[in-house]
Every structure is written in C-alpha cells, then in structure tokens.
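Dear colleague,

Please find below the sequence and structure that I am handing over to you. My notes on what was found follow directly after them.

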Amino acid sequence: MTATIKLGELAEFLGATLRGSPEKEITGLATLQEAGPAQLSFLANPQYRKYLVDSRAAAVLLKAADAEGFAGEALVVDDPYLAYARVSHLFDPKPKACGGTHPSAVIADDAQVDPTASIGAFAVIESGARIAAGVTVGAHCFIGARCEIGADGWLAPRVTLYHDVRIGERVVIQSGAVIGGEGFGFANAKGIWNKIAQVGGVVIGDDVEIGVNTAVDRGALADTVIGNGVKLDNQIQIAHNVQIGDHTAMAACVGISGSTRIGKHCMLAGGVGLVGHIDICDNVFITGMTMVTHSITEPGAYSSGTAMQPAAEWRKSAARLRQLDDMARRLKQLEKRVGDVTPGGNASSEG
Amino acid sequence: MTATIKLGELAEFLGATLRGSPEKEITGLATLQEAGPAQLSFLANPQYRKYLVDSRAAAVLLKAADAEGFAGEALVVDDPYLAYARVSHLFDPKPKACGGTHPSAVIADDAQVDPTASIGAFAVIESGARIAAGVTVGAHCFIGARCEIGADGWLAPRVTLYHDVRIGERVVIQSGAVIGGEGFGFANAKGIWNKIAQVGGVVIGDDVEIGVNTAVDRGALADTVIGNGVKLDNQIQIAHNVQIGDHTAMAACVGISGSTRIGKHCMLAGGVGLVGHIDICDNVFITGMTMVTHSITEPGAYSSGTAMQPAAEWRKSAARLRQLDDMARRLKQLEKRVGDVTPGGNASSEG
Amino acid sequence: MTATIKLGELAEFLGATLRGSPEKEITGLATLQEAGPAQLSFLANPQYRKYLVDSRAAAVLLKAADAEGFAGEALVVDDPYLAYARVSHLFDPKPKACGGTHPSAVIADDAQVDPTASIGAFAVIESGARIAAGVTVGAHCFIGARCEIGADGWLAPRVTLYHDVRIGERVVIQSGAVIGGEGFGFANAKGIWNKIAQVGGVVIGDDVEIGVNTAVDRGALADTVIGNGVKLDNQIQIAHNVQIGDHTAMAACVGISGSTRIGKHCMLAGGVGLVGHIDICDNVFITGMTMVTHSITEPGAYSSGTAMQPAAEWRKSAARLRQLDDMARRLKQLEKRVGDVTPGGNASSEG
C-alpha cells in the first residue's frame with residue numbers, strides 16, 4: 001500500500017534540483033520532526049526552520065535560500081509546500097478503484113457509464129445519468145436522474161446526487177455529501193407553510209472539492225452554481241441559488257443562506273454564517289464564526305464576535321454590554337456638563 | 001421531464017382570474033427577469049415590480065392591484081406567492097417513484113408495506129415497521145423496527161430511521177437525515193462518562209419537512225416530539241426530548257439542546273443555538289446565529305452577537321470590550337465627581 | 001421488546017439496598033412525574049425532590065438521605081444517576097443484532113470478520129479490514145481497507161470508515177458519521193488551490209462514542225487521535241490531526257480546526273469553535289457557542305459572545321459597540337479634564 005520512489009525520480013517529477021543520491025529510496029512523507037530515514041520532508045513555514053538541522057528525513061523539499069546552510073540531502077524547489085502537495089499523491093495509501101461496475105450496482109438502462117469508470121457496490125445510477133471517463137463512483141452512492149459527472153471525478157462511498165446535478169471534471173466529493181437536496185422554500189399563508197417545489201438544479205465547475213456531510217441545495221427556479229476550483233470543507237450548508245465564484249475556499253461548518261453571491265478567491269473561515277440575498281465581492285477574507293448580515297463591497301478581512309474570556313469575567317462583560325446604550329448617553333451628558341465647567345468644551349467625536 | 005400545461009388549466013387549478021388566452025402553453029417557471037416566452041412568472045415582492053413591464057414571461061401571477069397597469073397576460077390571484085407555491089409542483093422535474101418494491105430491498109417478514117407504497121433499491125425495512133399508502137421510501141433508506149410512516153410520505157434516498165420512530169402523513173425527509181439516533185446521555189462518575197440507554201422514541205406530526213443531514217435524536221425516557229407542519233432545514237441538530245410546536249420553522253444549522261421546548265409559529269434563523277431545558281413561547285422570531293441561554297416568555301424578535309466590522313476595527317472593539325467593566329466603573333466615578341462640582345448632580349440612570 | 005425484571009434482581013445487579021418487595025416486576029423506566037406503577041424512576045437532581053411524594057413509580061432509585069422521608073419502595077444507592085445509567089440498558093428496546101453476516105453484505109476475501117460479529121444488509125467491508133468479536137456493523141456501513149474495529153463495538157446503520165481507521169473496544173458510532181474523510185489540505189499557488197493527499201489515518205481509543213453525522217478527518221501526515229472514553233455528540237467536525245484527550249466530551253455542532261490539541265476531561269458545550277494549531281489544557285469547560293482563538297493554559301470555564309436581547313435593543317447595543325473605541329478615548333479624555341478641575345485627579349485604572 002506504500003509506494004517506493006527514488007529521489008532522482010521525485011526530482012524529475014517536480015523539476016527540482018537534487019542535492020544528494022538519485023538512487024535513494026523514499027517510502028513516505030512526514031514532518032521534519034517525525035520523518036524517519038526513508039521519508040521525505042519539507043520546509044515551507046520559516047518557523048519550522050529550527051527543526052531542519054536535526055531532522056532524520058531522507059531528504060527535504062526546500063527553497064534555495066534554506067538549502068544553503070543545510071548539509072543533508074535536498075530537493076530544491078521554488079515553492080516547497082506546493083511541491084509537497086504534488087508528491088503527496090504519489091504516496092497516498094488510498095485504495096484505487098479497480099475499474100468496472102460492481103455486480104451489485106443498479107444502473108438504469110438509459111444511463112451512460114463510460115467503460116473506464118468504476119462503479120462501487122450498491123451504487124444506484126438513475127435514468128439518463130452520464131458518467132464520464134475515469135470517474136470513480138464509490139459504494140452506496142446515489143446518482144439521480146439526468147446527472148452528469150465529468151471526467152476523472154472521484155466520489156467517496158455514500159455520496160448522494162439528486163436529479164439534474166451537473167458536475168465538471170476532476171471533482172472530488174467526500175462521504176455523506178448531498179448535492180441537489182430540496183432547498184428551504186415555503187410560502188406562508190395564515191401561519192401554515194406551503195412547500196414550493198425546487199425546480200432548479202445544481203451546476204458545479206471543474207476541480208471542485210466538497211467535504212464530508214456538506215449539503216448543496218438545488219435552485220428554487222434557476223440553478224445553484226459552484227465555480228471552478230472552489231473548495232468546500234466538511235459540514236457546510238449551501239442554500240438554494242447561492243453562487244460561489246472561482247477558487248473560493250470555505251472551512252468547515254460555514255452556512256450560506258439562499259441567493260447569496262460570493263466572489264472569486266474569497267476565504268471563509270470555519271463557522272461563518274451569511275444571510276441570504278447579499279453579495280460578497282472578490283478577494284474577501286472572513287474570520288471564523290463571523291456573522292455576515294450585509295453585502296461586502298471592498299476586498300479585505302472582516303470579523304464579528306467577542307473575544308473569549310474566563311467565564312466569570314465574561315458574565316460581567318455581557319451584563320455591561322446590555323448597559324452600553326445607557327453608558328453612551330451618560331458619557332455624552334457628562335461631556336456636555338464638563339464642557340460647561342471646564343474651558344475646553346465638549347470633546348465628543350460622536351457625529 | 002417537463003410538463004406542458006395550458007394557461008386555462010392553471011387558472012382553473014388556482015381559482016385565478018385569467019387575463020389572456022386559455023390555450024397558451026406553459027412549460028415551466030422562472031423569475032420575471034429570466035422567464036422565457038413559454039414560462040410562467042410571479043410578482044409577490046413589490047421591489048420586483050420594476051421588472052414586470054419588460055418581462056418576457058408567457059404570463060404572470062399577480063394581485064389585482066398589480067394587474068391594472070400591466071398589459072401582458074396574467075393570472076390574477078389574492079396571494080401570488082402562494083399561487084406560485086401551488087403550481088410549482090406541477091412543473092417539478094423530480095422523478096416520481098414508479099411504485100412497488102425494488103427487488104434488492106430487504107424487508108422483514110412482519111413489516112407491513114402498503115401495496116401503493118414505493119420502496120427503492122437497497123432499502124432495509126426492519127421487523128414490525130408499517131409503511132402506509134402512497135409512501136415513497138428512497139434507495140438506501142433504513143427503516144428501523146416498529147417505525148410507522150403515515151400516508152403519502154416522501155423519503156429521499158438514504159434516510160435513516162432508528163427503531164420506534166412514528167411519522168405522520170405527508171412528511172418529507174431529505175437525504176442524510178437521521179431520526180431517532182441515540183441522544184447524548186451520560187452519567188459522569190469519577191471523570192468517566194457512563195452511557196445512558198435512550199429508551200424513548202420520536203413522534204413526528206403531519207406535514208413536517210426535515211432537511212438534508214438533519215439529526216433528530218430519540219428521547220432518553222419519553223419521546224422527542226415534532227409538531228404538525230414543522231419545517232426543519234438542513235444540518236439541524238434536535239437533541240433528545242426536545243418538543244417543537246406546530247408550524248414552527250428553523251433555517252439551516254440550528255442546534256437545540258436537550259429537553260428544550262419551543263412554541264408554535266416560531267421562526268429560528270440560521271445558526272441559532274439554544275441551551276437545554278428552556279421554554280420558548282409561541283410566535284418568537286430569533287435572528288441568525290443568536291445564542292439563547294434562557295427561556296423566552298414574550299412573543300417578539302430576539303438577537304445576540306456583534307455586527308461585522310473590518311478585521312482591524314474589530315480587533316480594537318474586541319479589546320475594548322474586555323475593558324468594558326472597567327469603563328463602566330470609571331464612568332460612574334466620574335459622574336459622582338462631576339456631580340460634586342457641577343450644579344446638576346449625578347445623572348446616572350444606572351439602577 | 002420490553003424487558004420485565006424483578007426489583008430484587010435489579011437490587012442485586014446494582015448492589016443496592018432494597019426497600020420493598022423483591023418480587024415486584026419492573027417493565028420500564030420513567031421520570032418521577034411520568035412513571036406508572038410498573039416503572040422504575042430515580043431521584044438524582046435535588047430540584048425534583050418535590051415530585052417524589054406523589055410519584056406513582058413502582059420504585060425509586062435514590063440516596064440514603066432522600067430515602068429517609070420516603071414511604072414508597074426504593075433502591076438505595078450511592079449515585080442514583082449512575083445507577084439509572086446502568087439499569088437503563090436492561091430496558092433498552094434497541095433491537096439486538098442477530099449475529100452472523102447478512103447474505104447481501106460484500107466482504108473482501110482477505111478481510112477478517114470474527115464469527116461472533118454481526119454484519120448488516122448491504123454492508124461493505126474492504127480488503128484487509130479486521131472486525132473483532134462481538135462487533136455489530138449496521139446495514140449500509142462501509143468499512144474501508146485495513147480498518148480495525150475492536151471487540152464489542154456497535155456501528156449503527158450507515159456509518160462510513162475510510163481506509164486505515166483503527167478503533168478500540170466498545171466504541172459506539174451513530175448513523176451518518178464519517179471517520180477518516182480527507183481533511184481540508186490545499187497548497188495555494190497563484191490563487192489556485194492544489195490538493196494535498198491526506199496520507200495519515202485515524203486512531204480512536206476504547207469506550208468512545210461518536211454521534212450522528214459527525215465527521216472525524218484522517219491526518220494529513222500523522223494520524224488524527226481520539227483518546228479513550230471521549231464522547232462526541234452529533235454534527236461535530238474534527239479536522240485533520242486534531243488530538244483529543246481521554247474522557248473529554250463535546251456537545252453537538254462543535255467544530256475543531258486542524259492540528260488543535262485538547263486535553264483530558266474537558267467539556268465543550270454546543271456550537272463551540274476552535275481555531276487550528278492551539279492547545280487546550282486538561283479540565284477546561286467551554287460554554288456554548290464560544291469562539292476559541294488562542295490556547296488555554298489554565299483549567300476553568302471560558303466563554304465568549306453576547307447575551308440575547310430583544311432585537312430592537314440589540315440593534316442599539318450593536319451600533320454602540322462599534323463606537324466603543326471612541327467612547328473609551330472620550331472617557332479617558334474626560335477623566336483627564338475632570339482631574340484638572342476636581343481635587344481627586346485622574347481615577348482611571350486603565351494601564
């Protein structure tokens with residue numbers, strides 16, 4: 001299950017400058033601190049440079065500048081972290097799909113499954129679905145009617161696609177993810193919620209990754225749209241008709257409400273929540289657990305919430321916070337009165 | 001997969017006043033801006049009235065007041081949004097279950113499945129379960145021992161019901177939802193958590209909807225109870241022995257802790273969290289991501305959290321917030337001292 | 001489905017002092033208020049003592065001190081809540097697995113399944129997996145290559161283990177949980193996210209419980225580690241390379257970011273979020289929905305967030321909060337000016 005690759009082969013694969021023996025055999029990857037004598041390591045973050053000299057690693061991916069003072073074997077590259085990302089797949093113990101369709105799978109007569117695709121045990125593929133070349137559909141997956149999965153996609157076991165979900169090439173979907181569920185659409189009449197059929201679909205671009213137990217709802221009328229290169233972590237909620245721009249990444253537990261549009265190259269940290277029907281421009285970074293209640297029109301970093309305190313102090317802060325409006329009025333009044341007494345007048349900067 | 005329905009038939013279905021040709025054929029639904037010449041649209045929100053005149057829609061669902069100045073074809077109704085909800089199901093491309101039991105399903109000998117129910121591929125139905133008329137059980141569903149599913153229910157693929165879950169009529173459950181999981185009950189003895197068997201069940205009323213990957217735990221002793229007409233969005237957590245009143249709706253990512261009771265006609269926005277063992281009265285609206293730590297006894301809207309700011313400003317606010325108790329004491333002292341000096345005395349409104 | 005057990009047998013099982021008839025038959029458990037004449041109840045929380053006198057329960061688990069003034073039948077124990085936990089399993093209506101392997105299960109030739117284990121319908125067990133004695137693998141479970149499940153584990157229907165997940169003894173995993181998913185690891189190069197293979201595994205100790213739809217990601221290089229006796233509620237996210245110390249418990253909807261380490265005997269209430277790469281020491285309690293952005297080095301209770309208010313008041317507080325930095329500066333200025341005027345000088349305690 002573990003590959004053995006020669007250092008010279010890795011140098012060639014990466015286009016790296018090799019400092020050391022091309023015949024040395026590498027069997028895996030590890031951090032500088034944990035690497036053994038047959039493992040490759042990397043130095044990307046300068047704060048780990050201190051571990052370089054004592055590392056037992058067989059060789060280290062590093063920049064030319066870091067290689068200068070280092071006596072060990074090295075693969076010198078421009079971007080060690082990216083190089084590590086690229087070689088990591090060579091040492092991945094993840095089982096490869098064996099190709100073909102498991103005899104237990106249930107596939108509709110008019111579904112089109114490329115002969116190079118792999119379909120796992122107990123998978124269900126419904127009418128009119130199209131599975132392109134090189135796709136892996138894991139065990140227990142459900143692929144709804146008329147879905148399309150582009151070339152070289154990888155669906156972990158137990159992924160559900162409702163009907164009319166169109167997925168680009170090289171898309172990875174982790175276990176438990178549900179794409180195309182019926183969004184939360186109801187018309188309230190005299191206190192009773194009447195369901196609105198969700199007749200739109202979902203369109204997912206190329207090179208997207210969708211995490212464990214993440215939900216992407218289908219559109220109410222038009223489609224929900226996930227751009228190229230978008231990366232969604234686990235336990236995320238994407239409501240109906242959300243649009244996510246190319247190469248935006250979201251950490252776990254983010255929730256995006258209906259019809260909100262997010263630009264390109266944004267980053268949302270864990271637990272962020274966005275209300276519906278707002279626009280977030282390109283290149284926005286939102287820190288963890290921020291509550292976003294209005295559109296963002298300028299690139300940059302945004303936050304909400306309060307800093308953690310010992311619970312006893314926090315209770316005082318929380319109580320004082322409820323007096324804040326009163327405090328502000330008292331402060332203003334005091335400024336006015338002091339202004340009446342002292343020569344400087346009212347110094348308030350309040351508009 | 002798309003229906004074609006004449007305008008006259010839609011008028012009759014809705015009890016609407018038709019202004020236009022009853023023979024005109026409608027093939028789908030779209031917004032005013034996106035509708036093509038064979039699509040029906042609707043005007044419910046006044047802010048979209050500006051799109052009415054230029055809409056290419058075949059016809060528009062609207063109120064009599066909005067119909068007056070409109071030259072196009074129209075279906076005049078009292079509540080256009082409700083009318084849209086009702087007709088939306090006529091154009092839903094969702095595949096209908098074909099009826100009968102898929103040969104791969106595993107059904108206990110003593111389970112009762114109505115002959116008009118549809119049971120999907122690889123479904124498992126355990127001993128003593130009862131599936132009523134017109135129910136759809138999707139592929140990969142697991143229906144535990146002694147569960148009951150009332151007439152015309154619709155379970156998406158891959159829904160799990162543990163044992164002893166009783167569900168009313170016309171209930172919709174989306175993929176990945178788990179009903180009846182074992183709640184988080186442990187007795188701590190000398191630092192070790194000892195599991196408490198969760199011997200209660202779950203009772204779900206009529207016309208309930210439960211979203212993707214939502215969890216409703218079984219009761220510890222008595223049952224967890226979801227009232228009639230309750231709508232739960234995706235990724236929600238309902239802990240053991242929670243009770244939810246009729247026609248209450250919750251948006252995605254809400255978490256309700258154990259034994260909390262929520263009234264009727266409440267609305268919880270996304271990401272709201274409630275502690276356990278509290279009561280929320282009827283007609284309460286809680287805004288997104290609010291932390292609810294005590295009971296609510298008056299109808300109305302409730303909130304917590306802080307507004308989003310650019311991260312640099314937020315860091316200042318967060319730091320100042322930790323000084324708030326100190327600021328409050330200093331303000332009071334200042335008021336006292338100014339009161340000693342100026343004629344007006346202490347103006348504090350603090351109790 | 002319900003057991004009938006004599007009071008004398010229960011006393012013997014618990015090592016309790018019986019006050020009443022050993023022949024009395026008990027058929028179930030209920031609270032003091034709801035118990036009928038064949039049900040056992042318990043008094044653990046002093047605030048429920050008022051319900052004791054009128055309880056119709058067949059017998060009550062209670063402490064010697066509470067037994068004194070009580071005329072009814074009782075089982076006197078040191079810790080009534082723990083005693084309730086222990087007897088609860090005797091009355092659990094949860095179906096027992098019937099043993100053996102369901103004929104529909106797909107098991108790799110080289111997987112090792114103990115003959116006393118139970119494997120449910122449509123389960124998939126991959127190459128090299130090892131299932132120990134007394135383990136229940138529910139229907140629709142997926143057990144990846146080389147996974148190990150220790151003796152007497154219980155996996156609900158539809159649990160997914162990716163490859164190389166090693167689980168201790170007596171571990172309970174609820175439906176929809178996914179262990180070993182690929183963590184969120186990407187190297188950004190010129191705005192494009194490049195996936196990093198997640199080559200580590202997951203190691204889970206003995207007596208762990210993992211809730212409905214909870215996700216525990218595999219390690220990026222080394223393993224993700226869950227200690228002995230850890231209890232994770234539903235909808236939790238555990239990112240790659242997190243380490244959780246023994247007997248720590250987390251309520252629902254908690255999110256832990258990558259490489260964070262949590263000590264032993266900690267308690268995280270619902271909705272808490274932790275950033276990555278921090279350390280939480282032993283015996284820390286974090287209240288609900290707290291945002292933890294730095295390490296905690298002292299045991300104790302910690303909180304963040306603001307208290308809920310009626311929405312109209314909250315809007316004022318939220319607006320004032322954005323003025324807080326300005327208010328702090330004005331207060332300081334005022335103190336200075338008042339200090340110039342009044343005899344007492346500047347009373348600020350600000351550092």
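**Findings on chains A and B**

Of the 351 residues in chain A, 58% are buried. Please bear in mind throughout that this is a predicted model.

Chain A contains five helices and 40 strands. Its radius of gyration is 27 Å, whereas a compact globule of 351 residues would have one near 20 Å. Along the principal axes, the C-alpha atoms of chain A fill a box of roughly 85 × 65 × 35 Å. Where contacts in chain A link residues at least 6 apart in sequence, 18% of them join residues at least 24 apart.

As to its surface, chain A exposes about 13,300 Å², of which carbon and sulfur atoms supply 51%. The chain carries 30 positive and 37 negative side chains, and 10 Å separates the centres of the two sets.

An α-helix has 3.6 residues a turn, so residues three or four places apart point the same way. After α1(B) comes B:Gly15, with a positive phi near 65 degrees.

Two further residues deserve a description, one from each chain.

B:Lys231 is located in strand β28 of chain B, residues 231–232. Is this lysine, B:Lys231, buried or exposed? With a relative accessibility of 7%, B:Lys231 counts as buried, because the cut-off for buried is under 20%. Apart from neighbours within four places in sequence, B:Lys231 is in contact with residues of chain A, namely A:Phe184, A:Phe186 and A:Trp193, and with residues of chain B, including B:Asp207 and B:Glu209.

A:Gln237 belongs to strand β29 of chain A, residues 237–238. This residue, A:Gln237, is buried, at 2% relative accessible area. Leaving out neighbours within four places in sequence, the contacts of A:Gln237 include A:Ala215, A:Asp217 and A:Val254 in chain A, as well as B:Asp233, B:Asn234 and B:Cys253 in chain B. By C-alpha positions, A:Gln237 is 40 Å from A:Tyr51, a residue 186 places away along the chain.

Yours sincerely

Definitions and conventions. Residues are numbered from 1 along each chain as its sequence is written. Chains are lettered from A and ligands numbered from 1 in the order in which they are written. This is a predicted model: local features need pLDDT of at least 70, side-chain atom pairs count only at pLDDT 80 or more; totals for chains, interfaces and linings use all residues. Side-chain values use heavy atoms; hydrogens and water are left out. Helices (H or I, at least four residues) and strands (E, at least two) are DSSP runs, numbered from the N terminus. The radius of gyration is taken over C-alpha atoms; the globule rule is 2.2 Å times the number of residues to the power 0.38. Buried means under 20% relative accessible area, exposed over 50%, partly exposed in between (1.4 Å probe, protein chains only). Contact means heavy atoms within 4.5 Å. Accessible areas come from the Shrake-Rupley method with a 1.4 Å probe; for residues, only the protein chains shown count as cover. Lys and Arg count as positive and Asp and Glu as negative; His and the chain ends are not counted. The place of a charge is taken as NZ of Lys, CZ of Arg, CG of Asp or CD of Glu.
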